[in-house]
Protein chains: 2
Amino acid sequence: MASHGFWSLGGQNAGNPNAGSQSPSTPRAWCQAAAQKFPGGLGSKLCALLNVGEEAVDKPVDTSTKQEEETPAETCGCNKPCNCSKATTGFSELYSTDLLPALDGDMKTMTFLQEVVDILLSYIVESFDRSTKVIDFHYPNELLQRNNWELSDEPESLDDILVSCRATLKYAIKTAHPRYFNQLSTGLDMVGLAADWLTSTANTNMFTYEVAPVFVLLEYVTLKKMREIIGWSDGRGDGIFSPGGAISNMYAMLLARFKMFPEVKEKGMSSIPKLAAFTSEHSHFSIKKGAAALGIGTESVICIKVDERGKMIPSDLEKKILEAKQKGLVPFFVSATAGTTVYGAFDPLIAISDICKKYDVWMHVDGAWGGSLLMSRKHRWKLNGVERANSMTWNPHKMMAVPLQCSALLVREEGLMQNCNQMHAVYLFQQDKHYDLGYDTGDKALQCGRHVDIFKLWLMWRAKGTIGFEAQIDKCLELSEYLYNKIKDREGYEMVFDGKPQHTNVCFWYLPPSLRYVEDKVEKQKRLHKVAPVIKARMMEYGTTMVSYQPQGDKVNFFRMVISNPAATFEDIDFLIEEIERLGQDL
Amino acid sequence: MASHGFWSLGGQNAGNPNAGSQSPSTPRAWCQAAAQKFPGGLGSKLCALLNVGEEAVDKPVDTSTKQEEETPAETCGCNKPCNCSKATTGFSELYSTDLLPALDGDMKTMTFLQEVVDILLSYIVESFDRSTKVIDFHYPNELLQRNNWELSDEPESLDDILVSCRATLKYAIKTAHPRYFNQLSTGLDMVGLAADWLTSTANTNMFTYEVAPVFVLLEYVTLKKMREIIGWSDGRGDGIFSPGGAISNMYAMLLARFKMFPEVKEKGMSSIPKLAAFTSEHSHFSIKKGAAALGIGTESVICIKVDERGKMIPSDLEKKILEAKQKGLVPFFVSATAGTTVYGAFDPLIAISDICKKYDVWMHVDGAWGGSLLMSRKHRWKLNGVERANSMTWNPHKMMAVPLQCSALLVREEGLMQNCNQMHAVYLFQQDKHYDLGYDTGDKALQCGRHVDIFKLWLMWRAKGTIGFEAQIDKCLELSEYLYNKIKDREGYEMVFDGKPQHTNVCFWYLPPSLRYVEDKVEKQKRLHKVAPVIKARMMEYGTTMVSYQPQGDKVNFFRMVISNPAATFEDIDFLIEEIERLGQDL
């Protein structure tokens, strides 16, 4: 069971990937004292903390060029002979079976976990440092072939485990990095992270109050607060935290169907008329995915036209509802989008709600991306009418930068979720418990066990207050306006749609100089289609920044810049533009 | 924005709930030196670590009796005047906006996170200590009313955040506690925990290789390994980690339907014949829940009789399939259970697979609970025939004690999941990326964003090896056999079914002395039904242990003891029996 280096078959960057974040000038005497005080890894931990505190913070880490070598066996991991005692009582002789619940496993456990935390703290500080890479990219086959990923019969030492942790982070994307703009979920909130560490440590399950008393109550408190913000009277209604916006949207569709045809739960779709759901051409694919799963079928999801800004056209919605009725379909569900994925468009909720009311159709608002604008006094008007909805998806893990995953479905009618989903499993939801069973909320879920996603949102809200979230959101919108103003008349740029973006989505083409005066429109579009993918690939290979691109309808590949990263500044926006031009000018 | 004590309106236990885990005899000189070295909380951190290292480990914490007071403002949190500098540069003056990405936020961030880690480390050590409570139980209304749960407009200081963290853990259930037996998921693995902390820090999403290169590859490696263990040739096939066993089972049903009627994806259930699914009377409720959601309807889930041990009776399966066909239903899905929730029964998979083959029906194995026995050379025969299944649910977060959530669906046919679920969203799954798109696995999921559940399983597997998981599982089964042998002939106990349990489920009634000789059977059952709930309520109020109970069919409430907690020992089993008798003898 020799400890062999994980990823050790690779090139010069294998071995001790995070070694670069250690610096050489530790006050040795203090380190030695600490090491004597704490036999084992705690000594080296203190030593490492001292290093980070005094040096690494001021001196950016160069991860790209430094020759990274295996830590010599004689040192503690500081990369110098500091007499820390790790080498002698080190992790290479320890195995997971030495940790708790092993007898006398306390110190070893604390030492091991502290060592992991040191790796994480170092990674966190590095992640916010603009001079580090957003990603140290390698192609899949390269990563697969050059490293030892094997899961074997025999255990590896804790030293191997620590090496694996460092390696995993070395090749991970730094989602906290101020120049990471690739997804709707970016950034890393420190209070949210602390809350997630606590959640992992509590390691429990949301199905009953019995096993998650605090978390169940915090979910209750937080959902009520969110419903108040939507504008539902006294925050009344229902809701749940689900594993992501797609599942939240699926819940909404399930509830809408059950509300109209409760017999579907027992008798299935063959007992009810053929349904029709409506959503805009620009809505998220999860509406169709949900319809496929729920046995409704993707063809029953009727796409409504959008205007040039990507907003649903209400008159087309009404027209399509009437057409569906004429075909004998039963319109049961309209999903309006508050913040579309690509354009960031807000559908006109008031007009849509009038139509839903007229035809007695469930109105859902998919606010996975844009729902958080309700927290902003300046921007919440974009969701005017949301209080008329029957349900709303709202993902705090996107614009509010809560760590993944954190998605809520809010429902106006109380009790409906319970009726729709409950199965009365007596082994879990015993009816003769000694406490108020109203808090055993698990039976209203599609899931049985459910991950605790609430604590990080609740703790962040506590730490920031509503005004803190507001400030964070307003700043992201300000940055996107800055980007829009910067490029809208800049040479080489074309906006995908006119006018100031409503959300932080800024959609644009970058035209390299060689393309700017091409006359043949077909040829120009064909070449332009290839520009964004190449620039993106180069961004990833340099590791300097990341932003998304895609085609949409008849529009060739364009960049979709989104800003949800609270670490981003005006300078980072400037950098993005410079980088696009640097990487794309020769195309 | 004064920092007010969270939960501070309560009784004597409010305020600083974890104070009990601090001990008074810190070597003050060392502490002072550390505090001088690290301005801010790091000093007190070292101080706290020193305390834990030297004292708290040996001296069990009495959480039930100690008078817990607010930490005086002059101390660092050690509850003594040690001159640590926390009080002066303390958290009560810091806010989340002082942390990264704030300028010069590095030290404050590390100090804050380290403080949280200290709280967590202290909680972990305490959790494994048998002299601490499994739970400090309070009724929902009591917790709701006596504490300040409010989410307000204004931010709270980091001191309040730390107090909230301590309070949350004070009232949490200690899932690591060696006497916590309440659910199928118990225990807290230290390597798994470390991996989950890293996962939170990496804070990314499984949808593409682009944003989760390492995790996507590790999912690939681990799923392949799991398929090899099932016995599928060369580990071929497909799979995904989903948010729990209920969703994994729903995936299986979705795939079975799509395999037989691929047109259902576009056209919905109204385009295909009426379906029938089959599962045993003792199977998990998620099969019906899935059928309701997918538009199949719970009435189309036909329950198959079980024998006295809770195993599906194959002849009844065949009979019900034939009956369904005669009614014009199309049998499409059989879910056999490998380890039922209550009895821990393993359905006879070989006989079931013969029937599935004969009638051309998809065979799913719900091994959420029992699937992990495949890791044990001694016990894997109980799943003989699983290699013939089309799909299998296997939850490493149960019997393998991987932190929640970690559930896998394994599928024998390659490509089916992709065809069933893909929606080709070009904004996410661009087809002109620079790397092999085979690793962008997100489109085969029901979800869009997907939490990283793989790393904790992979890292634990690495640390234990397959033989480590095997040893852990074998030990739990040995403990349950010990329990069975101990009570099967013991006065006052009756087994719910005869014979040695196949899994770790031991189902039994405890009859208090007053009930043992009651002649009237109806009266006896009526009174017996109330025994387990009362004992359970008392267990929770004392906080000494937790075990589940439920009725089943015509059987009144009985205890269902399950052992998945790697911390449990023979002595803990003895304790459980003594405790049931202590708490129930007067009933």
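Where in chain A is the place of Gln405(A)? Gln405(A) sits in the loop between strand 6 (391-394) and strand 7 (407-411) of chain A. The structure discussed in this report is a predicted model.

## Backbone features of chain A

Most residues other than glycine have a negative phi, and most peptide bonds are trans. Against that background, several places in the backbone of chain A deserve attention. The bond from Leu404(A) to Gln405(A) is a cis peptide bond, with omega near -5 degrees. Another cis peptide bond connects Leu100(A) with Pro101(A), and its omega is about 10 degrees. Pro101(A) belongs to the loop between helix 2 (41-56) and helix 3 of chain A.

## Salt bridges

Side chains of opposite charge can pair when their charged atoms come close. Over all chains, the count comes to 60 salt bridges. One of them is formed by the side chains of Asp136(A) and Lys170(A), at 2.9 Å from N to O. This pair links distant parts of the chain, as the two residues are 34 residues apart. Asp136(A) is in the loop between helix 3 (106-127) and helix 4 (140-146) of chain A, whereas Lys170(A) is in helix 5 (residues 158-170) of chain A.

## The contact between the two chains

Chain B contributes 173 residues to its contact with chain A, and chain A contributes 172 residues. The area buried between these chains is about 14,900 Å², and carbon and sulfur atoms give 68% of that area.

Between chain B and chain A there are 8 salt bridges. Among them is the pairing of the side chains of Lys289(B) and Asp443(A), at 3.4 Å from N to O. On the side of chain B that touches chain A, the largest share comes from helix 3 (residues 106-127) of chain B, with 14 residues. By class, that side of chain B has 101 nonpolar, 43 polar and 29 charged residues.

## Two helices in chain B

Two packed helices are described by the angle between their axes and the distance between the axes. In chain B, the axes of helix 15 (residues 521-542) and helix 16 (residues 570-584) come within 9 Å and cross at roughly 105 degrees. Helix 15 of chain B is therefore roughly perpendicular to helix 16 of chain B.

Which residues of the two helices meet? Helix 15 of chain B supplies Ile535(B), Arg538(B), Met539(B) and Tyr542(B). Their partners in helix 16 of chain B are Leu576(B), Ile580(B), Arg582(B), Leu583(B) and Gly584(B). By class, this contact has 6 nonpolar, 1 polar and 2 charged residues.

Note on methods
Residues are numbered from 1 along each chain as its sequence is written. Chains are lettered from A and ligands numbered from 1 in the order in which they are written. This is a predicted model: local features need pLDDT of at least 70, side-chain atom pairs count only at pLDDT 80 or more; totals for chains, interfaces and linings use all residues. Side-chain values use heavy atoms; hydrogens and water are left out. Contact means heavy atoms within 4.5 Å. Buried area is the accessible area (1.4 Å probe) that two parts lose on being put together, summed over both. A salt bridge is a side-chain nitrogen of Lys or Arg within 4 Å of a carboxyl oxygen of Asp or Glu. Helices (H or I, at least four residues) and strands (E, at least two) are DSSP runs, numbered from the N terminus. Ala, Val, Leu, Ile, Met, Phe, Trp, Tyr, Cys and Pro count as nonpolar, Asp, Glu, Lys and Arg as charged, and the others, Gly among them, as polar. Axes are lines fitted to C-alpha atoms, for helices over the stretch in contact, and angles run from 0 to 180 degrees between N-to-C directions. Angles under 35 degrees count as roughly parallel, over 145 as roughly antiparallel, 65 to 115 as roughly perpendicular and the rest as oblique.
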